[in-house]
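Here are some notes to read alongside the model, written for someone meeting it for the first time. Please keep the view open as you go through the points.

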Amino acid sequence: MDIGGTFTDCVVIDERGAVTLAKSPTTPHDFSEGFFDALDLCATKLGLEVEQLLARSDALSHGTTVATNAVVQGRGAKVGLIATAGHGDAILMMRSIGRVAGLPPAELLSFAHTKKPAPIVPRELIREVHERIDCDGEVVVALDEDQTRAAIAELVEAGVDGIAIALLWSFRNPDHERRVAELIAEQAPDLYVTRSSALVPMLGEYERTAATVLNNFVGPETSSYIRSIEQRARRRGLRAPFQLMQCNGGLTSSAEAAKAPLLLLESGPCGGVIGSQFLGRELGYENVIATDMGGTTFDVGIIHAGRAERTDLSTLNQYQYYVPAIDIQSVGAGGGSLAWFDETSATMRVGPQSAGSEPGPVCYGAGGTEPTVTDADVTLGVIDPAYFLGGAKTLDGDAAVAAVARLGERLGLAAVETAAGIVRIADLHMAQLIRRLTIEKGHDPRDFVMFSYGGAGPSHASTLARELGIGTVVVPLASAASVWSAWGVASSDVVHVHQREQLADFPLDLQALAPVVDELRRDAREQLRSEGFADEQMSLRLVADVRHRLQIHVIEVPFPAGPLDVSTSAALLTAFEQRYESLYGAGTANVEAGVELVRLRCTASAAAVKPVLSAARATGDDAPPPPASRTVWWPEIGAAAETAIYREHSLRPGATLPGPAIVELDVTTIVVRPGDTATVDDHGNIVLTIGRER
């Protein structure tokens, strides 16, 4: 299950690999309604009651936006913060970057109009206590317990829902944070409590504090949501594990997710990237640009050398915080993105505002009045109003054209010209985001295959690929592309990340490092064992974060295989130098100036139930029926043309579809532009070969 901004997706995969999917409108007033609506629809397609479906399931896995929405909409818990004396304002100062963190370039150019976000913990709910631990973990000033008790009492009196604890150097020695948590449990046992040393034991006062406060901000609502979904599912027959997708690309139990809901931020898009990593390995693609265009946003993740690229530093609502996560970046360019006239520049803009699921695009007929990217696709003829969502929903095509035409009048353009402009602007926003994640990080997009999914993605993929010089686009498993993030959740392993700050200069003292490595591995195994996994099911991956001395940014370097020995330090240094130069250019890695280890990280995974990638089956031995046709306006030729229309029942493995053509699946519309070619492979993926510019 995956809850998006517009639709909630359900994917059921049987033991043969057959996929049954359903989409239901997301219900922001109560996300569980959309969750069970989609589940009911999938059960109906299978000829089952939902109780039968849940009882026969091996696992129920879920990617959710509940935590993300709570932060963006500012409707989380009332949080109190306990900090070290003299450092309570760190969360408010935001390391002087709060005005601009995470903003797109267009907003950065107007600095005078930038501002900090609303504080997730106001100054009146911050309490400072006397204590001090130094950088070596030694206690310099003992915790003042009387002062701490008084601080807790004041926060309880103020009506907080939870308390975040973020003390200096607590990741070196968590004793003071543990004691504060014990005192809270004595005075107010029902409060939601987060310790920074338990959540993100990392160097960086502001980012660690922000993570701790954010976890507390989303904790009560998210925990309540998880419990309600699980209880309702179990009442309806679920006996299998209920798992949540994390931003680190793996699943975790509902109990663990309730303790650290921060790890659920952006969990839905992570499912799509992990699904692309899984399918890419099966198809032999080592380098993949995973692109997800839904109704609200366009999300991108990079898979390089078979692994999804990751980050320790994320940004949400201008708060930068630490959490090990797949590096996914987003831009407001989904199917529901609004096209509007900018009075200041007298030009047309697209996004980042979105019509969302309520009221949605004008063509939905639910009260929307401003044109969206989806309305533009309807106007161009790309989307058939009579066959939206596989015919499950009829769109108001005339209303879409009229809305686009009204915007065109202000621009002096016809409706189709305006629609083409809307699509072009949205496509360029998306292409620029991909450039930031590839070219600006040392990757050439021409070395990658693009995976395109989400309800709106395959309609725009070929234009993006041509803009970036990418030669191949894969629409994964045909109809499953529209629910690919949910499919990716089903292909994920159980994952936990254990890390330790460990500042050390190269060459490394391996004798001092070995006990830390052993402890990380031991903790990782013990956690998976506690969840019922045997040692042979586990996989541990150890990496080091390394940087040049006195620099800020670190680079992740995998530990060489085998035990630690005299060659380990040299191998890590060589790997760092190679990766640094791939990012910043040959000769830039001046290792003679000094290199230091910052932290160690052990990612522990255990294989969960996996989908089976089966070969596509033809529906009969007879030849596929000839395609239908309709008029589509093509910006490439600047005119309307009669265009071949294919539907899923007319496709066979090995089929070749020359452009221009439209492929209409149950939910997704794939556009094969003039000069491109689409083929259907043996697994049911539709592969677009992008023609060169004429």
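**Notes on a predicted model**

1. In β30, I645 has I662 as its bridge partner. Strand β28 (residues 639-647) and strand β30 (residues 661-664) run parallel and are joined by four bridges. Strands (E, at least two residues) and helices (H or I, at least four) are DSSP runs, numbered from the N terminus, and two strands pair if DSSP finds at least two bridges between them.

2. A word on the basis: this is a predicted model, where local features need pLDDT of at least 70, side-chain atom pairs count only at pLDDT 80 or more, and totals for chains, interfaces and linings use all residues. Residues are numbered from 1 along each chain as its sequence is written, and side-chain values use heavy atoms, with hydrogens and water left out.

3. Which strands form the open sheet with mixed pairing? Its order is β27-β28-β30-β31. The edge strands, β27 (628-634) and β31 (669-672), each pair on one side only. On average, neighbouring strands here are turned by 30° against each other, direction ignored; axes are lines fitted to C-alpha atoms, for helices over the stretch in contact, and angles run from 0 to 180 degrees between N-to-C directions.

4. Another open sheet of four strands, with parallel pairing, has the order β6-β5-β9-β10. Its edge strands are β6 (126-129) and β10, each pairing on one side only, and the twist averages 20° from one strand to the next. Four bridges join β5 (residues 79-84) to β6, and I82 stands opposite R127 in β6. Helix α6 (residues 145-157) packs on this sheet, touching β5, β6 and β9 (162-166); contact means heavy atoms within 4.5 Å.

5. Now the helices: the axes of α13 (residues 397-411) and α14 (residues 415-437) come within 8 Å and cross at roughly 90°. That makes α13 roughly perpendicular to α14, a label for angles of 65 to 115 degrees. Residues V401, V404, A405, L407, G408 and L411 in α13 meet A415, T418, A419 and I422 in α14. By class, this contact has eight nonpolar, two polar and no charged residues; Ala, Val, Leu, Ile, Met, Phe, Trp, Tyr, Cys and Pro count as nonpolar, Asp, Glu, Lys and Arg as charged, and the others, Gly among them, as polar.

Terms used:
Parallel < 35°, antiparallel > 145°, perpendicular 65-115°, else oblique.
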